[in-house]
Amino acid sequence: MKNFKDKVVVITGAASGLGREFATVAARLGMKLVLADVQRDALDRARDELAAQGASVVAMLCDVRKGEQVQALADAAIDNFGGVNLLFNNAGVGSGGLIWENTEADWEWVLGVNVWGVIHGVRIFTKLMLAAAAKDPSFEGHIVNTASMAGLLNAPAMGVYNVSKHAVVSLSETLYQDLQLVDAPIGASVLCPYFVPTGISQSHRNRPEDVRMTKGPTASQLVAQAMTDKAVTSGKVTAAEVAELTFKAIADGQFYIYSHPGALASVQERMEDIVQQRNPGDPYKATPQVRDILRSKMKLGAGTPAE
Ligand SMILES: NC(=O)c1ccc[n+]([C@@H]2O[C@H](COP(=O)([O-])OP(=O)(O)OC[C@H]3O[C@@H](n4cnc5c(N)ncnc54)[C@H](O)[C@@H]3O)[C@@H](O)[C@H]2O)c1
């Protein structure tokens with residue numbers, strides 16, 4: 001996708017962090033914006049700020065776990081702006097701790113937002129874009145799914161998130177291949193950020209009632225929360241920078257988008273483990289003291305029932 005001016009962009013998780021910055025860049029490029037989130041006050045604030053800068057913007061409460069709400073989002077984009085060119089399936093949440101300690105509600109919530117949100121987005125919006133392309137030979141579309149480096153690695157004590165983001169990478173690669181197969185004028189990218197300062201480590205702020213925490217937190221969940229808080233807040237690459245490089249990648253038709261290409265050395269090692277049939281490598285080999293601290297803290301939680 002080369003031309004952004006007057007095109008329509010839909011962004012999920014648009015009220016905070018990366019989504020909010022995608023909206024800023026899109027507005028600057030003269031796009032018409034459809035913003036979706038579950039946090040009403042932050043969403044309204046984003047809409048008002050962008051509208052004050054002269055953007056055409058519609059904001060809609062939308063829980064991406066629910067297919068009917070994602071369909072309503074697509075309908076709103078058509079009603080307001082006549083179609084959709086660019087989609088960011090970006091809404092995401094996290095939950096950490098030893099993988100057997102996560103509750104059914106943890107799995108439902110994280111997979112609901114991170115995986116089902118992207119499934120609904122791809123299922124509903126790709127067909128809409130294909131229909132527009134069939135009518136208009138000049139149609140250009142693009143879909144960006146926000147995964148994570150956690151979709152290419154499997155760090156300990158963040159299993160639910162890892163599983164969800166690996167699914168997003170798989171879904172995105174397949175989407176790319178399927179679009180190529182039918183020669184669609186629609187591009188696809190997967191964004192794999194490393195730690196970027198946003199609200200992600202506080203995503204429980206918007207955890208819905210129907211998947212509320214039933215027990216815990218366990219010791220490992222507390223340790224994971226502290227680790228994630230520290231890693232996210234001390235990230236050096238900003239969300240604004242990630243948004244800029246993402247739009248450049250869209251214009252260049254680039255599929256894999258990384259905020260921290262230096263972290264790919266660990267991906268390379270994982271791939272080598274797989275093809276050499278070696279057991280998964282030690283994530284703490286350079287920092288064994290970190291493993292020792294984590295072990296001692298997590299032992300406090302041994303036997304803590306999660307449910
Ligand atoms: N920040 C990082 O370090 C990092 C790293 C890798 C991947 N990511 C991914 O980036 C994406 C954006 O997250 P962020 O870092 O900007 O965090 P963020 O918390 O600042 O923004 C996420 C937004 O998603 C919204 N949201 C939560 N549940 C929702 C739902 N059910 N439906 C619609 N919206 C919902 C939240 O209200 C929030 O506004 C996520 O997919 C996240 O997993 C972030």
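Author: We start with a term: buried means under 20% relative accessible area, exposed over 50%, and partly exposed in between, with a 1.4 Å probe and protein chains only. This is a predicted model, where local features need pLDDT of at least 70, side-chain atom pairs count only at pLDDT 80 or more, and totals for chains, interfaces and linings use all residues. Residues are numbered from 1 along each chain as its sequence is written, and side-chain values use heavy atoms, with hydrogens and water left out.

Reader: Is Cys 192 buried or exposed, then?
Author: Cys 192 counts as buried because its relative accessibility is 0%. Cys 62 is also buried, since its value is 3%.

Reader: New topic. How far apart are the end C-alpha atoms of helix α5?
Author: They are 33 Å apart, which agrees with the 33 Å that its 23 residues (159–181) should span at 1.5 Å a residue. The expected span is 1.5 Å times one less than the number of residues. Helices (H or I, at least four residues) and strands (E, at least two) are DSSP runs, numbered from the N terminus.

Reader: What do the buried residues of α5 pack against?
Author: Their partners are α4, β5 (141–146) and β6 (186–192), where contact means heavy atoms within 4.5 Å. Among these buried residues are Val 160, Tyr 161, Leu 171 and Leu 175.

Reader: And what comes just after α5?
Author: Asp 183, with a positive phi of about 55°.
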